[in-house]
Amino acid sequence: MSGYEINFDGLVGPTHHYAGLSFGNVASTNNRNNLSNPKLAAQQGLLKMKALADLGLKQGVFAPQERPHVPTLRRLGFSGSDSDVITAAMRAAPALLSALSSASSMWTANSCTVSPSADSADGRVHFTAANLNNKFHRSIEHQTTSRILQAMFNHDVYFAHHEALPEAALFGDEGAANHNRLGGAYDQAGIQVFVYGQQQLGGTVAPKKFPARQTREASEAIARLHGLHADRIVFVQQNPEVIDQGVFHNDVIAVSNQQVLFHHQQAFLNQSQALAEIREKMAVIGQDFVAIEVPEQRVTVQDAVSTYLFNSQILTRPDGAMTLVVPEESRQNASVWAYLTDLLQMGTPIDQIKVFDLRESMRNGGGPACLRLRVALNDAELAAVNPNIMMNDALFSTLNQWVERHYRDRLAQDDLADPQLLIESRTALDELTQILGLGSVYHFQR
């Protein structure tokens, strides 16, 4: 196997709390106002990163963002010192302060869409930061996301960075959470599958209860920006009925790796037609297509949403076989675990299941796949990546010590008004940029 797929997991930020901000995300809204544990959340994420690195996989760290985001509060009319701004916001608009304190950037599957050099016309790896305009608390992320990405992948010969798409409903973009890449070796040409919830111009099918966050128009724009070959792209509409059941992103109902697409029976609109197009285009590049379809009678959409079975990671180990990474919630559900047990006997490329406790992230609506951004690289491109962000024994130890120094072990909504929390967060992030060699990527560092 040549080339690498590197997972860059989001490091949970110091202001991780349960605000229920994501309408359409059942787990997020169900756990609103519960007490959170930012320290445990960060530690759980680091344990997953280290475990995957220990399997012989390439694993990186994606830094969190500055929160509370005082510059946005100032744009909204709050003034005075930074502590005055936060105090006034809590008094006048506590829900607004909560939104601007969200640690949602930890879900790096939404940070951007990535196209490997083997697929792009100019032979570079392309990144487009997601505008995330469907949710206010996430719509403020993309500028800092772009700076962090440029600090991680800082070599113009190998990497191309694009601004987020226009912040309008027509171009709603939620990043790699609605994007799959299928193929063989990671440094060889693949098929890019863009999954959208609604076509704004001329579309006739859309969900009725919850919003469709990704538009076809956004996916088409990204394909153009990245210089992708038309014969190696597939646009697929997500089943609007499952969106209305809480499947707010494609990665809650399907996940891919190389030739494998693991998906629910009700994942896509006109599913048989979509799978046939993928299979045909995979054949053109000389690759088989393995579609593992989970029947509704074995795992309901409701169980898929509550356990995040499909918000999992399929990882190719150095021996060429595949591991499926699932959250603990999947093991606790009898139907889901029975299916996973049977899956290991089905003769698919997946021959191992690994379970991780990510309950702090899960309760806020994000599972294993939400936490990671996949980037396929060849040897030269990997050598050009900022080496300080790659997980190893030393970085794991350093980051755990950093978390112990700077993170609280409980955080309630009222704690967001504590000016000391802002100081703690900024102190932590300033130190983190030195650990990860990112430079000045945050507003307060300028």
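Is Asp54 buried or exposed? Asp54 is exposed, with a relative accessible area of 52%, where buried means under 20% relative accessible area, exposed over 50% and partly exposed in between, with a 1.4 Å probe and protein chains only.

## Basis of the values

The model is predicted, so that local features need pLDDT of at least 70 and side-chain atom pairs count only at pLDDT 80 or more, while totals for chains, interfaces and linings use all residues. Residues are numbered from 1 along each chain as its sequence is written, and side-chain values use heavy atoms, with hydrogens and water left out.

The side chains of Lys50 and Asp54 form a salt bridge with an N to O distance of 3.0 Å, the term standing for a side-chain nitrogen of Lys or Arg within 4 Å of a carboxyl oxygen of Asp or Glu. Both residues belong to helix 2 (residues 38-54), where they are 4 residues apart, about one turn of the helix; helices (H or I, at least four residues) and strands (E, at least two) are DSSP runs numbered from the N terminus. Lys50 counts as buried at 14% relative accessibility, whereas Asp54 is exposed.

## Arg408 and its partners

Across the whole structure, the search finds 19 salt bridges. Arg408 takes part in one with Asp418, the closest N and O atoms being 2.9 Å apart. Both Arg408 and Asp418 lie in the loop between helix 16 (393-406) and helix 17 (419-436), so this pair ties together parts that are 10 residues apart in sequence.

Arg408 also forms a salt bridge with Glu424, again with the closest N and O atoms 2.9 Å apart. Because Glu424 lies in helix 17 and Arg408 in the loop between helix 16 and helix 17, the pair ties together parts that are 16 residues apart in sequence. Asp418 is partly exposed, with a relative accessible area of 28%, and Glu424 is partly exposed at 22%.

## The largest cavity

There are 9 cavities of 30 Å³ or more, a cavity being a set of points on a 1 Å grid over the protein atoms alone where a 1.4 Å probe fits but cannot get out. The largest cavity has a volume of about 310 Å³, volume being the space filled by probe spheres set on the points, which are joined across faces, edges and corners.

Its lining (residues with an atom within 4 Å of a point) comprises 26 residues, of which Glu5, His179, Asn180, Arg181 and Arg374 lie nearest the centre of the cavity. Strand 6 gives the most to this lining, with 5 residues.

Definitions and conventions. On a 1 Å grid over the protein atoms alone, a cavity is a set of points where a 1.4 Å probe fits but cannot get out, and a pocket is an open set with protein on both sides within 12 Å along at least five of seven lines; lining residues have an atom within 4 Å of a point.
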